[in-house]
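These entries record what I looked up in the structure shown below. I begin with the packing of helices and then turn to backbone angles.

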Amino acid sequence: MNPDPDKTRTANRHETGGLPANEEHDLPQGRHQFHKERLMSQIHDDRSAAAARTPRNPFLRKAILLPAATVLAGALAVGVLVLTPGDAQHPLDRATGPVLTTTLGAVDAKGAPLLLDRISLAAAGAEAPNARAGQYIYIETRAANTHVKTIGDKSTLVSDPLHTRRSWRSPDGLKGWLIEPGNTGPEGITLEGRDEQGNVPTPHLGAPSHDYLATLPTDPDALLRKIYEETEGQGNGKDQQAFTTIGDLLVESWPTPKLTAALYRAAAKIPGVVTVDSATDAAGRKGVAVARLDETSGQRTEWIFDSRTFTFLGERTVQVKGDAGEGGLIKPGTVVFTHAVMVRAFVDDIKVVP
């Protein structure tokens with residue numbers, strides 16, 4: 001971390017200009033639901049005119065909002081890290097019309113161990129994130145999704161606008177704030193509070209705090225054992241759930257370089273993990289991906305990395321096998337969910353932006 005927080009180091013930043021206007025919409029059946037369930041009661045009060053939600057995807061594990069901070073492998077500046085967006089005119093691979101689509105990259109069933117080894121080495125060489133007492137972890141991402149929307153007896157496939165999500169979390173996970181168009185009002189909502197049973201949330205693998213991550217084993221075998229044990233019975237089989245859990249930790253938290261490297265090495269030991277030669281994140285940045293196909297849903301989750309620096313750029317879920325959604329409207333090539341990491345930093349208070 002830069003020793004002087006008032007003189008932060010950043011990469012070049014080029015904002016893409018105005019984002020599409022917000023609009024009320026149904027929740028997708030895909031992974032976007034992951035970020036919402038714990039907020040539902042608060043959002044209900046905040047948005048009395050919210051639209052009717054689509055049925056929850058039964059294949060997803062119980063959704064819990066995680067601390068919104070993201071690990072970026074190979075990053076040199078950790079006090080404030082800003083990643084440059086891709087093509088501002090074409091931020092996503094997109095077919096004509098309102099649906100997010102992509103070309104499916106070529107899969108290498110044997111390439112994951114070597115690529116993940118290189119990614120883990122890059123991650124291990126990054127500076128460890130450190131914060132002063134009282135600071136918050138700020139994360140800024142861009143996200144979009146595609147889902148089935150039903151009005152009356154007519155169902156159509158639509159994509160929500162690409163939007164910016166900003167959140168702040170205390171290292172212990174007990175305090176926080178979220179601003180996300182479509183899910184909160186302009187001022188956002190608090191992430192502080194008790195769970196559905198009225199208890200103060202206890203950090204765990206499914207909802208880790210920054211401090212909790214420091215307690216996890218950094219031996220890849222021990223780490224993978226813990227993941228298997230704590231996620232037993234969840235998702236579509238233990239291997240798919242283990243891959244999902246590691247992906248959640250990469251996207252939604254900020255592990256130390258040593259733990260990040262261990263997560264990648266643990267992922268390399270999961271059967272069915274492959275590489276994809278080309279993938280595009282929500283900011284239009286192209287890279288290579290480490291991925292796994294969920295045979296039940298036919299959807300492939302891809303972790304996208306810069307092909308030169310192996311920096312973690314984001315994650316997306318793509319329909320690659322069979323049709324999904326109501327009426328089978330989600331066809332192969334549909335981007336169900338895409339999430340790009342743009343900024344992460346330690347800041348002095350809620351709503352403070354680097």
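At what angle do helix 4 and helix 6 pack, and how far apart are their axes? I worked from a predicted model. I found that helix 4 (residues 220–230) packs on helix 6 (residues 257–267) at about 70°, and that their axes are 8 Å apart. I therefore noted helix 4 as roughly perpendicular to helix 6, since angles from 65 to 115 degrees count as such.

I next listed the residues of this contact. Helix 4 contributes Pro220, Leu223 and Leu224, while helix 6 contributes Leu259, Ala262, Leu263, Arg265 and Ala266. Seven of these residues are nonpolar, none is polar and one is charged.

I then looked up burial in helix 4. Its buried residues are Pro220, Leu223, Leu224, Ile227 and Tyr228. They lie on the same side of helix 4, because they cover an arc of only 135° around the axis. I recalled that an α-helix has 3.6 residues a turn, so residues three or four places apart point the same way. The buried residues of helix 4 pack against helix 5 (238–252) and helix 6.

At the start of helix 4, I found a side-chain oxygen of Asp219 within 3.2 Å of the backbone nitrogen of Asp221.

Finally, I checked phi. Most residues other than glycine have a negative phi. Phe310, in the loop between strand 10 (299–305) and strand 11 (312–319), has a positive phi near 65°. Lys351, in the segment after strand 12 (335–347), also has a positive phi, of about 70°. Phe310 counts as buried at 10% relative accessibility, whereas Lys351 is partly exposed at 39%.

Note on methods
Residues numbered from 1 in each chain as written. Predicted model: local features only at pLDDT ≥ 70, side-chain atom pairs only at ≥ 80, totals over all residues. Heavy atoms only, no water. Axes fitted to C-alpha atoms, helices over the stretch in contact; angles between N-to-C directions. Helix = DSSP H or I, 4+ residues; strand = E, 2+ residues; numbered from the N terminus. Parallel < 35°, antiparallel > 145°, perpendicular 65-115°, else oblique. Contact = heavy atoms within 4.5 Å. Nonpolar A, V, L, I, M, F, W, Y, C, P; charged D, E, K, R; others polar. Buried < 20%, exposed > 50% of the residue type's maximum accessible area, 1.4 Å probe, protein only. Arc of directions from axis to C-beta. Polar contact = N/O pair within 3.5 Å; in protein donor to acceptor, adjacent residues only side chain to side chain.
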